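User: Hi! I'm new to reading protein structures. Could you walk me through this one, feature by feature?

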Amino acid sequence: MNLLAADTSCDESCVAIINTDRWSLLSDVVHSHIGKMTAFGGVVPEVASREHLKALPLAVHEALAQASLELADIDHFVVTNRPGLIGALLVGVSHIKALAYAEKKPFSVINHIEGHLYSPLLSTLKSPDAEPSTPPPFPWIALVVSGGHSELYHVKNELENEWIGGTADDAAGEAFDKIGKLLGLAYPAGPAIDRWVRDSASDLDRIAYKFPIAQLEGPNFSFSGLKTAVLLALRKLKNPSESDKLAIAASAQEMILRALIDKARMAVKTFPGASLVVTGGVACNSRFRALAPDAFFPKPKHCTDNAAMIAVVAGMRAKRGELAIADWTTTAIPHLA
Ligand code: KG4
Ligand code: ZN
C-alpha cells in the first residue's frame, strides 16, 4: 500500500510517502516558511495558513515526483489534524480530504505529537539515503521538545502511550527563541544559539551565569522565569559585549538542557527498563546530544517537523489493522485531544 501523509500543524508544509509492504520511505518533502517569519520574530498563524495554501499543493506534487508515483497510485491519505495552529491545520485537512475524495480513497487523521513520539521508528524504514537501523525496544520515556511542546510520555508500545509530565509555561524551543531574541538573534534562535555556543563558548561561559530554573514537582518543567532572568542580566550589564552575550547564551542553554535531562532521567527511574528517547526541534541541539549519551535521538531532519513521522505512525497502525478511517465530517482541532 502507498500511503501519503501531510503535516501542516505549524510553519512547515510537509508531505511524505511510504510503501507499507516494502516498509520503505519513498519521499520526504518539507517546505519551511521560516524565511517569511523572520521579519515578524516568530510564527504568525495567519501568515502560516496562507503559506500552506501555496506550499502544500507543491509539496504533494514534489513528493509524488520523488516517489515516481501518480496521485492515482496512492492507496490511503493521512493528515495531521491536531494539535497545532488551527488555520494551518485546516488547510492541511481540507486539502488532503479533497485529494482522498477526488481519488475515491480512504483518509485518516494522526496526532502530531504521536508523530514526534514514534519518530525513532523512522530508522526502521528503507530509504535511498540510509540503511535501516533498530531503535531501542519499548517501553520508552519520550521527551518531545519543540517550539510548541515540552512533554514527557510513557510510550508502552506501538499503539499505547501516556502523558506523564510537561511544561507549566513556555516550551523549551520557545525559551531558546525568546532568549535569542533578547540577545539580538533572528527567529528561530535555537539553532543559532546551538551553533554559536558550540563554535565559540568555553566551559567557563557555560557556568558564568547561575540562572534560576523553577523546581516543579514530578517530571514537570518551567522556563518562563529563565527568560526574565536573562532579561534582568542584560539590563544590569547596560551595554553587554559580544562575549557577555555569548556567556549568557551558553549558560541559559546549559540550564534548559540540564533541566530537561534531569527530569527525563527521573521519569526513566520510575519506569524501570524504559529507554530514553528525545525528539522535537530542540533534540537537534548538539550540546543536548553530548550531555545525554544515554538517550536515543532520531536524525535531526526527523526531529524537526516532518510528514514521514506521520506516515510511519499511520503505516504501523495500518499493518496492525488499527488505522481508523476518518469520515467526511472530520475536522482540525487546535489542542491535544
Ligand atoms: O519541532 P519543531 O521543528 O517545530 C515545532 O515547534 O513543532 O521545533 C522548532 C523549535 C524552535 O523553537 C527552534 O528554535 C528549536 O526547535 N530548535 C532548536 C534547535 N533546532 C531547532 N533549539 C535548540 N537547538 C537546536 N539545534
Ligand atoms: Zn512538532
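Analyst: Happy to, and we will go through the strands, then some backbone details, then the ligand. Keep in mind that this is a predicted model.

User: How do I read a sheet, and in which order do the strands of the five-stranded open sheet lie?

Analyst: Here is the general idea: strands of a sheet pair through backbone hydrogen bonds, either parallel or antiparallel. In this structure, the five strands of an open sheet run in the order β8-β7-β6-β9-β10, and their pairing is mixed. β8 (161-166) and β10 (295-296) stand at the edges with a single partner strand each, so each has one side without a neighbour in the sheet.

User: Can we zoom in on one pair? In which sense do β9 and β10 pair, parallel or antiparallel?

Analyst: Strand β9, residues 275-279, pairs with β10 in the parallel sense, over two bridges. To find the place on screen, look for Val 277, which stands opposite Phe 296 in β10.

User: And what about β2 and β3: in which sense do they pair?

Analyst: That pair is antiparallel: strand β2 (residues 12-19) and strand β3 (residues 24-32) are joined over eight bridges. Ser 13, for instance, stands opposite His 31 in β3. The two strands β2 and β3 form a hairpin, with four residues between them.

User: You mentioned peptide bonds. Which kind is the bond from Arg 82 to Pro 83, cis or trans?

Analyst: The bond from Arg 82 to Pro 83 is cis, with omega near -25°. Pro 83 is in the loop between β4 (76-82) and α3 (86-103). Another cis bond runs from Tyr 187 to Pro 188, with omega near -5°. Pro 188 belongs to the loop between α5 and α6.

User: Now the ligand. Which residues come nearest to ligand 1?

Analyst: Ligand 1 has 20 residues around it, and Gly 147, Asp 177, Asp 194, Gly 281 and Asn 285 come nearest. The shell divides into six nonpolar, eleven polar and three charged residues. Among the helices, α4 (112-117), α5 (172-182) and α6 (189-200) each supply at least two residues of the shell.

User: How do I spot polar contacts, and what lies 2.7 Å from an oxygen atom of ligand 1?

Analyst: Look for pairs of N or O atoms within 3.5 Å. A polar side-chain atom of Asp 177 is 2.7 Å from an oxygen atom of ligand 1. From the backbone, an N or O atom of Gly 147 lies 2.8 Å from a ligand oxygen, and a polar backbone atom of Gly 173 lies 3.2 Å from one. The protein covers 90% of the 550 Å² of accessible area that ligand 1 has on its own.

User: Where does ligand 1 sit?

Analyst: The space that ligand 1 takes is the largest pocket.

Conventions
Residues numbered from 1 in each chain as written. Chains lettered and ligands numbered in written order. Predicted model: local features only at pLDDT ≥ 70, side-chain atom pairs only at ≥ 80, totals over all residues. Heavy atoms only, no water. Near = heavy atom within 4 Å. Polar contact = N/O pair within 3.5 Å; in protein donor to acceptor, adjacent residues only side chain to side chain. Areas by Shrake-Rupley, 256 points an atom, 1.4 Å probe, with all protein chains shown as cover. 1 Å grid on protein atoms, 1.4 Å probe; cavity = no way out; pocket = protein on both sides within 12 Å on 5 of 7 lines; lining within 4 Å. Sits in = over half its atoms within 2 Å of the grid points. Nonpolar A, V, L, I, M, F, W, Y, C, P; charged D, E, K, R; others polar. Pairing = 2+ DSSP bridges.
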